[in-house]
Amino acid sequence: MMPVRIIDAVVCAISSTIRRGAWLALFAAVWSVTAQAQISGAVTSDTTWTFASSPVNVSGDVVVLAGRTLAIEPGVRVRFAAGTGLTIEGKLVAQGTVSDTIVFTSAQALPARGDWDGLEFVNSANVGSVVHYARVEWVGSGAGQAGIFY
């Protein structure tokens, strides 16, 4: 007799108790959480990158337009493709915590310094941007480049 794997038993139990339409809705919900979007272009409305959607994969330059806010939840990993970056003309609220740091990093399989272009704030007015409990990795190629530019 072949042993039943736990996951098979759970799927069978769920299948027998959930109607077909509900089963498809459950599958679609799980798929949407695990499917990772490729982010690029302008942030044209107030937007939040959630922990549930982490990691956030940036495939092209992202610009937060003036008058708009990009909020990033604690614990989110933002992975940048080579040569891409985040330009903030509006407001960035990246408020991590001690236990759930926000990480801005390279999307490369073997990351190296200079993989991506960093965070650049181009608005000289104080619009309330916050970067707290965040780590910036694998950005900049010169000595002393922190990856956050004003």
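I will start with the overall layout, then go to the sheet, the core and a few single residues.

First, what kind of model this is. It is a predicted model, in which local features need pLDDT of at least 70, side-chain atom pairs count only at pLDDT 80 or more, and totals for chains, interfaces and linings use all residues. Residues are numbered from 1 along each chain as its sequence is written, and side-chain values use heavy atoms, with hydrogens and water left out.

Now the layout. The protein has two helices and twelve strands. Both words refer to DSSP runs numbered from the N terminus: helices are H or I with at least four residues, strands are E with at least two. Along the sequence the pattern reads α-α-β-β-β-β-β-β-β-β-β-β-β-β.

Of the 150 residues in the protein, 25% are buried. Buried means under 20% relative accessible area, exposed means over 50%, and partly exposed is in between, with a 1.4 Å probe and protein chains only. The protein exposes about 9200 Å², and carbon and sulfur atoms supply 59% of that. Those areas come from the Shrake-Rupley method with a 1.4 Å probe; for residues, only the protein chains shown count as cover.

Next, the sheet. Which strands form it, and in what order? The order is S2-S4-S7-S10, an open sheet of four strands with parallel pairing. Two strands pair if DSSP finds at least two bridges between them. Strand S2 (47-49) and strand S10 (130-132) are at the edges with a single partner strand each, so one side of each has no neighbour in the sheet. Neighbouring strands here are turned by 15 degrees against each other on average, direction ignored. For such angles, axes are lines fitted to C-alpha atoms, for helices over the stretch in contact, and angles run from 0 to 180 degrees between N-to-C directions.

On to the core. In soluble globular proteins, nonpolar side chains tend to be buried together. A nonpolar core, as used here, is a set of buried Ala, Val, Leu, Ile, Met, Phe, Trp, Tyr and Cys residues joined through side-chain atoms within 4.5 Å. The largest one has 21 residues, and those with the most contacts inside it are Ile72, Val78, Phe80, Leu86, Leu92 and Phe104. S3 gives the largest share, four residues.

Take Val78, which sits in strand S5 (residues 77-80). Val78 is buried, with a relative accessible area of 0%. Contact means heavy atoms within 4.5 Å. Not counting residues up to four places away in sequence, Val78 touches Trp49, Val56, Val58, Ile72, Val103, Phe104 and Thr105. With the same exclusion, the contacts of Phe104 include Ile72, Val78, Phe80 and Glu137.

Arg68 is in the loop between S3 and S4 and is partly exposed, at 33% relative accessible area. The side chain of Arg68 reaches the backbone oxygen of Thr44 at 2.7 Å. Arg68 and Gly90 are 22 residues apart along the chain, yet their C-alpha atoms are separated by 5.2 Å.

Last, backbone angles. Most residues other than glycine have a negative phi, and most peptide bonds are trans. Where does this model depart from that? The peptide bond from Ser54 to Pro55 is cis, with omega near 0 degrees, and Pro55 is in the loop between S2 and strand S3 (56-64). Tyr133, in the loop between S10 and S11, has a positive phi near 55 degrees. Trp138 has a positive phi of about 60 degrees and lies in the loop between S11 and S12. Tyr133 is partly exposed at 39%, and Trp138 is partly exposed at 38%.

How values were computed:
Polar contact = N/O pair within 3.5 Å; in protein donor to acceptor, adjacent residues only side chain to side chain.
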